[in-house]
Amino acid sequence: MFSYKPKPQSVLSLSSKTIYHSSPPTTIFRSANQTKQSHARIIVSGLAGDAKLMAHLLLSLALSSAPPLQYSLSIYQNFKYPSVFATNNLIRCFAKSDSPCRSVFLYSSVLRKHAKPNNHTFTFLFQACSEALGMEEGAQIHAHVVKFGLADDLFIRNALINFYSACSRLECSVKVFEESLSSRDLVTWNTTLACFVRDGQIGLAEELFDEMPERDVISWSTIIAGYVQIGHLEQALKLFRDVREKGLRVNEAMLVSVLSAAAQLGLLEHGKLVHSVAKSLKFPMTTSLGTSLIDMYAKCGCIEQSKLLFSNMPQKDSWTWNVLICGLATHGLAKEALALFGSFINEGFAPATVTFIGVLSACSRAGLVEKGRHYFKLMTENYGIEPEMEHYGCMVDLLGRAGFVNEAVELIDKMQVTPDPVLWATLLGACKIHGYAELGEKIGHKLIKLDPSHGGHYVQLSTIYAKVNKWEEVIRVRRLMIERNTNKAAGWSLIEAHGRVHKFVAGDREHERFMEIRKMLETIGTRIAEAGYSPNISSVLHDIGDEEKEIVLKEHSERLAIALGLLVTPDGECIRVVKNLRVCEDCHEVSKIISKVFVREIIVRDGSRFHHFKDGTCSCGDFW
Ligand code: ZN
Ligand code: ZN
């Protein structure tokens, strides 16, 4: 039924925890400490010899989130003839522990005593093997299942499907799923669906989802997570709307997935809708939901809302802090980001790689050279974190733009990893700003060699030549670029209005209100000219790597989006635009003037940061 194509190992590393969204437990689980108290009472009451009671005590430990291993084992060792129920519970404790392999050792030791396992034994054993990624052990246990005549057991089959997928053997999972049509239930379908999603096989997941005889909240949240995982964000949002329209149940995992989709796309209205759904259904503000909301608001331009949520959150983990530190950084709020980092350390959290990406990018976006140097040193020397490409990227950007081009070169020379083209391109940008023509030329040629299909590199190099008036070289590089038929990254901008997402590319004429948009562009042109604006022609050159060079400046995608924003949103309301590439100098200037003459706050999320245009200035201080 499903034609499975094996995929390279590297893409199969997704943790099962990100896929499995079980419903909230209906049983009230006791903590291990509560169980210990019950144990004390049992001893005091003289019932410690009651094997049944003690086996239930083991069950209680197995159900707790982190069963105490030695304690569980000591209870088990007191059984003279442990029942299969007691053994199963100890296997379950081991399966949850840091050494799940001990489940398998226990199983083989009870087999030697000729005890007979039952279907639950195998279910827990496969859980242990999934955790330990014990493919060989699991396959042997699969053979035992057949020998004991339990191959048709539904619970075992479901556990097997999950086990093979956890060990990156999707083809085996599919085989188990297809083997027995009679022993399938909703869990079987959901587990198989999760296997496809985990493996990134969204086509197969869709096929299976369509074939499912019935679906529950887990089926829906799994397929939505699958879309988000592979970047089909619009599809994820659409499915969520279907769920709502059909009046189906929503779970927290689903909310977290769609929040991530809205955040990545920068769609505030969608994100707000998810937030209101969470509120109306009275979802508790868990760490994961709260953190997703903070991330969504930050990525959709509402950093104030993120800060508010953060301070009201009952429980935060280090991820919550990291999300806000990075959010503040993208909004150019360096001081606040660094202060938050300070509190993060004072609270006793250990910074991770991503924490320093936030900290260093805060410094880089605000041009805080001294601080950047300090935190880079702190990261490597105090916290022993090996810098990654992103960290170097922040530092090279920071040093390069501030004019410390040689220091940036030294840093690159000392790198343990091979610098990627993005890093060289960052340095090339710095050479361009500060007129390091010779170095720029060298890097430009290196980049063209490394990444010959990237049009932007040719453009940068030709700009460097243009700056030093080497026009023949400019023409040569341009010709090379055309000959090689390079692919320019397609620039787009989007804006949400009236519950719809409007996406524009440069020079777009497809929009149904294009005539009105064009008129608005003319009005904008006249009014900003009255305010003293004259176009920055160098941006035509500067920008052609970003947006089609044939398109004149005034039709860059964000201008079309802003024009639509002025047309359709009420006077005085903020206009929010998301753009995939960096804003060009000219559009930046124009946005500032529009914010003043039309008295509109404009928030643009570009490829690297946020720009809040208000009253003729931008929050980035023209440093981007
Ligand atoms: Zn532009
Ligand atoms: Zn700006």
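These legends accompany close-up views of a predicted model. Local features need pLDDT of at least 70 and side-chain atom pairs count only at pLDDT 80 or more, while totals for chains, interfaces and linings use all residues. Residues are numbered from 1 along each chain as its sequence is written, chains are lettered from A and ligands numbered from 1 in the order in which they are written, and side-chain values use heavy atoms, with hydrogens and water left out.

**View 1. Protein donors of the zinc ion (ligand 1).** His556 (ND1), Cys584 (SG) and Cys587 (SG) lie 1.9 to 2.3 Å from the zinc ion. Donors are N, O and S atoms within 2.8 Å of the metal (3.2 Å for Na, K and Ca); water is not among the atoms, so sites may look incomplete. Along the chain the donors follow the spacing H-x27-C-x2-C. Both His556 and Cys584 are buried (under 20% relative accessible area; exposed is over 50%, partly exposed in between, with a 1.4 Å probe and protein chains only).

**View 2. Phe240 in the largest nonpolar core.** A nonpolar core is a set of buried Ala, Val, Leu, Ile, Met, Phe, Trp, Tyr and Cys residues joined through side-chain atoms within 4.5 Å. This one has 140 residues, and Phe122, Phe126 and Phe240 have the most contacts inside it. Phe240 touches residues including Ile224, Met254 and Val277, not counting those up to four places away in sequence; contact means heavy atoms within 4.5 Å.

**View 3. Cys302 without a disulfide.** The structure holds zero disulfides (pairs of cysteine sulfur atoms within 2.5 Å). The cysteine sulfur nearest to that of Cys302 belongs to Cys300, 7.0 Å away. Cys302 is buried, at 14% relative accessible area.
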